[in-house]
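I opened this notebook to record, entry by entry, what I looked up in one structure. The entries follow the order in which I consulted it.

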Amino acid sequence: MDQVTAAELSAALTLAAPRSRARRALLDRIDRIDRIDGIDRIDGIDGNDRTHELATPATASLVRAWATARSGPSEGDAVRELADALAREAARWPSLAAELRDWLTSDASAGSGRQVDNTIASSARIGGPVVQAHDIHGGIHIHSEPALRTPPDRAIPRQLPPVPAHFTNRSRELAGLDRLARSVGSGPVLAVISGPAGVGKTTLARRWLIGLSDSFPDGQLYADLRGHSGGGPARPGELLGEFLRALGHEQIPAELNEQAALWRSATAGARIAVLLDNAVSAAQVRPLLPGAPGALTAVTSRARLTGLGMDGAAFHPLEVLGTGDAVELLRRRIGADRVGREPEAALTVARACAGLPLAVCVAGARVAARPRQPLSVMAGALGDDGSEALDALWVEGDYAVRGALDESYRLLDAELASCYRRLGLAPVAVLSVPFAAAACEVSPAEAERVLDELAEVNLIEDLGPAPVTGQGRYRFHDLVRAHATRAAEEAETPAEVEATVRRVVDFGLSAATAAEALLTPSHRTLRRAYARPVTQPPPFDDAPSALRWLDAERAQLMAVLRTAAERGWHDSVWMLADALWPLFLRLRPYDLWIEAHETGRDAARRAGDRRGENRMLTSGGAGLRNVGRHDEAMDWFGQALVLARQDVARLTAEQPGDDGAERLAAGRPGQEGGERLAAGRPGQEGAERLAAGQVGREGGEWLLADQPGADGGERLAAGRPGREGAERLAAGWPGREGGERLPAEQPGREGAERLTAGRPGREGAERLAAEQASPGRVERLGVARKAEAQALHGLGQTCRLAGRLAEATQHFSLALALREDIGYRRGAALTRLCLGDVALAADRPADALPELTRARAELLAVDDPYDAARALAFLGRALARVPGADFAHAEAQLLQALVEFEVTGSVHWQGRVLEMLGEGAAERGVPERAREWYVQSLARYAAVSATDTRRLEERLRSLG
């Protein structure tokens, strides 16, 4: 029996803490031992549950406190204390050690939605639940592989909005749909419910699917495809991201085909219902269809969507209500007594509404709000001249609904009518209270009252609280929004219309910036601009609630960004893309990440904001890099580097000083063939090779700048592979003798020197110029050099992911020199972390250790727990790979990193650390232990990364 260590117990207790079943399983296992090597069992504290007096009452108390805690405490100190106590007892009592080992390999990670796959002997495989009737002999291996289903501790998604209490009839349509539903299981079922606007398609679909909720234990998902929205239809990728996140997948691929593949995998074998509301075309629907035989999909659309016939769709066109049903709907809405007193007026209202439930509900809501007003007043307002024209217009439904809406709008008081108009102008599909407050220019409390009153009269729909934030959500029917927008255009001036939209955009920018300041304060450095000061506070007060708000409102914030781009508000566009950085960094919606930065980059260029453009290039390049679009990422980081060096050169050249220093700083040596460093042109074919990150001549030298030197044009490039004293250049400043190269720190190079900025003559042209500059210019120069370092760091990260390790080292070395020179402590630590990672990838663990050790210390010192945990993970991996490794110490470091990633909430890095633990076990020749770690790693990766999932599946297959 392998000894159970405190380190692995600490990790397992942390992972199991949120799951009451796993906690209870540990206590039950101990309870099953009647005696632990002679130690009698004693009654539990409460007289019901029982535990063992392992060695001391204190240990028993620790076990009980952890196992019976309501929320499963996972604080580091408490978990470590319990782990240490259990490890000590396990070392003394073999029976306890056996139970703990069994718990670690089964119950500790139970509840993760995994399917059990059992291997008996060498060939027979049993999938699913197994009942043992008697004895099983032979080599038995039970492997647990995660299915791509809802991860542990996530609520089953039940997203369908409620059905109005006054839903009427449709019994024939429901019966037909129920017959269709009975075929679920033999294959996926697809129902298309079509009909005119306002005919009740969505309500019917919701009524049908909610009635079948017990048949779909894996969840019911809902998406508004916004087929007739003023902002354009929803893109399939946006909706797939929402579905996948609802199923627990945090990191969504950027490409639509990869998203669709993950969606099909995530729903394979699931019994799930999906409502795709307001579709505009078959092409919009098709990527959203689950492929499981137990899946049912309902699609509503004004069009018949006959193209879905090739996907096996059954078509259910929905007709308007008959006059009798329309009267019945009105009766349910306003009361049988009022209809009974004025049957002719009720008939007139029903006919005027052309059998459209939406129109009947709007008219009925207005009547219900005036209990003393005769029904005949509404009948007269709607009119019923008996013309055939009204009946002919029901196909689109617009005019019949407009009559009811006009009357409801006319009866609103002035303040509520103004808010109705302004809400119709808000460029978001779903209205939360904060966005509504911004549109209406009222307090959030007043906005909530307005939304409630409009919902009461059926002018807006209450969707219920958001699952993530608990904040209320509302939306317009597209016909009602169109009516509100028309009313605004008639009653408001163009300037007032624009001001309403601008308030919503500015609030989105202000709130996202507040979230950025809480979640990524080191990133919050660029300016913000608003049409008017935003006084409305953000709807959160700490970092966790800020991230939840960004998550819940991501679709609305992207809609705001697109609206700003359409209106030419360039500053707002790139600033909002910048403010959304914590959303992109923490939750990794790569499609939105890349879109926002592509749009932001173009906007910053149009605005002429070089700092904004540089930020868009580096942050957007990170998104491209992370999805494997390495060539594009290199181009973006290269462009950012050119911009930064242009700024460094310009700011330095504008300073007083000797002519030579000025010309050198500007990259204008005054010799034939002297090219401007600022433009990043190396003076050979392929001028801006830097921007593309291409390799130059002489064995792979990186042409970061061409400057003339003693030989008439010596290249001052990055570290040259294979050349002693690989050199780094942060900005090409030649020194003595016409162009001295300045060596810099390289991993493993004794006496590595820091590059401050090449020194021409005495203390360096840049330093001399900065000393003579105004404080504002010095600050701008520091910002430009920081941007230069960021671009170099990004190039290094991209090369690392592309497997170009020597090039990555060169770029990181340049970045490190710059960051240390300008005193950017956190940035230098991050670059050291990356240099350690590259050394590990190049099989130089001894070179990685000093870089990672220092990075860990520096990141802890600047209070960056997330990146400090990353450094610790790499450090643990390096310790396991050095000659004569202390594997126990290395594993302890990795397990501590795992605990820290649990605290920061990084699921992806939890998977990464568990994979590292598996690699270490495999290298030590312990394949079964490696499998255990890999299985746990795969459970994490399955929710966040299809690429990592495939790699871990391959690792497990390689173990046999």
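Which residues does L423 touch, not counting residues up to four places away in sequence? I found L431, A436, A439, C440, V450, L451, L454, F476 and R481, where contact means heavy atoms within 4.5 Å.

**Entry 1. Basis.** I note that this is a predicted model, in which local features need pLDDT of at least 70 and side-chain atom pairs count only at pLDDT 80 or more, while totals for chains, interfaces and linings use all residues. Residues are numbered from 1 along each chain as its sequence is written, and side-chain values use heavy atoms, with hydrogens and water left out.

**Entry 2. Overall content.** I read 42 helices and 14 strands for the protein; helices (H or I, at least four residues) and strands (E, at least two) are DSSP runs numbered from the N terminus. Of the 960 residues, 55% are buried, where buried means under 20% relative accessible area, exposed over 50% and partly exposed in between (1.4 Å probe, protein chains only). Among contacts with a separation of 6 or more, 67% link residues 24 or more positions apart.

**Entry 3. Cores.** I looked up the nonpolar cores, each a set of buried Ala, Val, Leu, Ile, Met, Phe, Trp, Tyr and Cys residues joined through side-chain atoms within 4.5 Å. The largest has 153 residues, and W208 and L423 have the most contacts inside it. Helix 22 supplies the largest share of this core, 10 residues. Apart from it lies another core of 44 residues, including A829, L840, V882 and A897.

**Entry 4. A512.** I located A512 in helix 22, residues 494–519. A512 counts as buried because its relative accessible area is 0%. Leaving aside neighbours within four places in sequence, A512 is in contact with W549, L550, L576, A579 and L580. I also read a C-alpha separation of 9.2 Å between A512 and P582, which are 70 residues apart along the chain.

**Entry 5. Helix 11.** I list its buried residues as A326, V327, L329, L330, R333 and I334. Just after helix 11, G335 takes a positive phi of about 110°.

Entry 6. I traced an open sheet of five strands in the order 8-9-10-7-11, with parallel pairing; two strands pair if DSSP finds at least two bridges between them. Strand 8 (220–224) and strand 11 (314–317) are the edges, each pairing on one side only. Five bridges join strand 8 to strand 9 (residues 272–279), and D224 stands opposite D277 in strand 9. Helix 7 (residues 201–211) lies across strands 7, 8, 9 and 10, running at about 165° to strand 10; axes are lines fitted to C-alpha atoms, for helices over the stretch in contact, and angles run from 0 to 180 degrees between N-to-C directions. In helix 7 I found L204, which counts as buried at 2% relative accessibility. L204 touches several residues beyond four places in sequence, among them F167, I193 and L318.
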